[in-house]
Amino acid sequence: MSTIPLTPGRTAKEETATTGSTRSITTGGAGAPTKGRKSGSWSTTIILFLCAVTVLLPLYVTISMAFKTGPQSVDGNAFSLPAPFSIDGFVEAWQLTRFPVGFAMSFIVTAGTVVATIILASFASYAIIRNWDHRLFRYSFFYLLGAMFIPFPVVALPQIQLTGRFGLDNPLGVIILATMFQLSFSVLLFTAFLRSIPMELEESARIDGASTWQTFWRLIFPLLAPMSATVGIFAFLYAWNDFMMPSLIISDADMQTLPVRQNLFQSQFSSNYNVAFASYLMAMAPAIIAYLFAQRWVMEGVTQGALKG
Amino acid sequence: MSATRSIVTGGGGAKTPRSRKKVEPIYYLFLFPAVILFTLAITVPGIIGIFFSFTDSIGIGEWEFIGFTNYIAAFSDPAILTSFLFTFGFALVTVILVNVIAFLLAVGLTAKIRFKMGLRAIFVIPMVVSGIIIAYVFAFLFQNSLPAAGSALGIPFLETSIIANPDLAWVGIVIVTAWQSIPGTLLIYIAGILSIPGDVYEAASIDGANKRQQLLRITLPLVAGYVVINVILGFKNYLNAYDIIIGLTNGGPGTSTRSIAMTIIRGFQTGDYAYQMATATLFFIITIIIAVLQLSVTRGRSNI
């Protein structure tokens with residue numbers, strides 16, 4: 001996420017142009033006239049529906065396999081509907097992967113990463129923007145941003161060692177590392193947004209006697225809400241779905257997150273497809289359900305994030 | 001007022017020697033948690049890693065300085081060279097495929113169509129699905145369903161699993177990676193296309209430009225900046241490919257689909273700590289070169 005002009009301060013016009021275009025992504029769009037002379041082209045619609053099938057097919061297979069009985073799941077026809085409908089796969093997967101524990105670990109890692117990223121990044125961004133005149137803060141900005149060019153694999157080995165040595169080879173270690181890898185991008189988003197908040201707004205709060213701490217929590221943090229949503233969505237998607245980092249950092253198998261637990265089905269039980277797919281479905285479902293409820297936010301947030309970043 | 005001004009316009013090159021007013025201490029409290037944690041979690045491990053790349057450490061126990069031996073060895077190690085070649089080739093193919101498909105889908109999804117919002121919602125779903133899990137699902141499809149379909153339809157080419165074929169396994173990885181990363185790319189293209197004012201198209205159609213001409217002469221040039229964003233973001237992500245490859249082929253058959261990230265991690269697990277830190281450092285240098293290139297490209301294009 002990094003196509004930034006490293007020098008902060010894009011013009012207000014650019015700023016609104018970007019926001020304007022992201023806004024319209026879920027409302028139809030200003031550019032292309034949506035409702036017009038004709039009611040819409042059926043041929044394009046049909047082609048797109050066919051493409052959508054390729055998106056849905058793996059998901060359909062996952063769902064239908066998950067509800068099959070053991071024998072039906074190995075009959076070689078992945079696309080058939082479950083007959084009879086069975087939840088045996090779920091029952092067995094629930095116990096095999098110790099789903100409640102895995103879910104709790106994934107939840108802790110995800111919630112921790114989202115909260116820590118939003119708080120640390122908005123804190124740092126606020127300090128940086130308000131003290132831009134001071135070298136320490138200005139350099140901190142570029143320092144934090146530099147990490148956008150450091151992918152996890154590059155520093156993974158020392159991190160595995162260090163987390164092991166300091167007792168952080170657990171979900172807490174993953175939260176810290178995941179937050180740090182999200183930090184540069186999040187600071188970039190927050191600082192871009194903070195620059196658009198007029199100083200006068202803050203000064204009036206100060207005149208009313210609010211301290212910096214109070215100003216931040218009562219005035220700035222609420223104003224940052226849309227950006228916090230974007231930052232949070234990225235942190236959520238990363239922390240919930242990531243395999244590489246937890247698999248390398250967390251040493252106790254029982255503390256593993258849901259994606260890592262699925263490797264159970266790669267070795268043993270490899271022929272109980274219904275169990276494996278039930279387990280995959282349970283691991284995927286929370287993110288998909290969250291997405292279905294927050295579609296608008298996710299689409300806008302991701303667009304805005306990627307463009308600002 | 002002048003302070004506000006310089007904040008708004010940023011210090012972009014402007015030296016700001018004035019106003020050495022004292023920083024309110026609380027701002028350090030805001031800044032330091034992030035900076036300190038960041039230093040401990042990323043900078044320090046990075047420096048340690050580079051340091052050990054000049055030693056013969058196996059991760060624990062004693063070690064000695066051996067200079068550039070690891071680097072020299074890495075340059076002539078076929079395993080490392082193959083993984084670099086594979087990763088770059090894979091990233092290149094994927095970035096092209098993903099961008100072409102995502103751009104065409106974005107054109108379709110911004111055209112006058114029915115069920116526009118529903119279709120967009122569907123196309124974004126893969127973005128929220130875990131890479132490793134969807135790779136497991138695709139592995140099943142490639143191993144079981146595709147060969148079954150191949151023999152049912154009498155297509156010998158499909159009868160064996162493509163991910164069991166050293167020459168074709170990468171195709172499977174490209175497909176799954178594309179499946180998962182098209183949504184993000186697509187959303188950026190949709191935003192790009194929507195930012196084009198409608199009257200441009202009206203003027204063009206009055207002048208008699210057909211749809212294809214409008215697409216090639218108007219849409220494509222006007223979203224060029226977004227293409228740059230997508231290509232750069234995508235390429236960087238694909239260079240770090242790990243999850244999907246683990247789920248799909250686990251680097252196999254043999255080592256034919258072993259990415260750089262996998263090579264580094266595998267080396268650690270087999271005791272090649274210092275050696276693979278040299279690989280990681282080389283990889284880091286390449287990432288930096290790409291980052292510099294990307295900055296010079298995006299600097300030249302400030303039209304987004």
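Trainee: How much of residues 141-160 of chain A is helix, and how far apart are the end C-alpha atoms?
Mentor: The span is 75% helix and 0% strand, with the end C-alpha atoms 27 Å apart. Helices here are DSSP runs (H or I, at least four residues; strands are E, at least two), numbered from the N terminus. This is a predicted model: local features need pLDDT of at least 70, side-chain atom pairs pLDDT 80 or more, and totals for chains, interfaces and linings use all residues. Residues count from 1 along each chain as its sequence is written, chains are lettered from A and ligands numbered from 1 in written order.
Trainee: And what about residues 103-129 of chain A?
Mentor: That span is 100% helix and 0% strand, and its end C-alpha atoms lie 38 Å apart.
Trainee: New topic. At what angle do the axes of α8 (residues 171-194) and α11 (residues 225-241) of chain A cross?
Mentor: Roughly 160°, and the axes come within 10 Å. Axes are lines fitted to C-alpha atoms, for helices over the stretch in contact, with angles from 0 to 180 degrees between N-to-C directions. α8(A) and α11(A) are therefore roughly antiparallel (over 145 degrees; under 35 is roughly parallel, 65 to 115 roughly perpendicular, the rest oblique).
Trainee: Which residues meet there?
Mentor: Among them are A:Phe185 and A:Leu189 in α8(A), and A:Val231 and A:Phe234 in α11(A). Contact means C-beta atoms, placed from the backbone, within 7 Å.
Trainee: How many residues does each chain put into the chain A and chain B contact?
Mentor: Chain A gives 95 and chain B gives 99. Helix α2 (residues 42-66) gives the most on chain A's side, with 11 residues.

Conventions: Contact = placed C-beta atoms within 7 Å.
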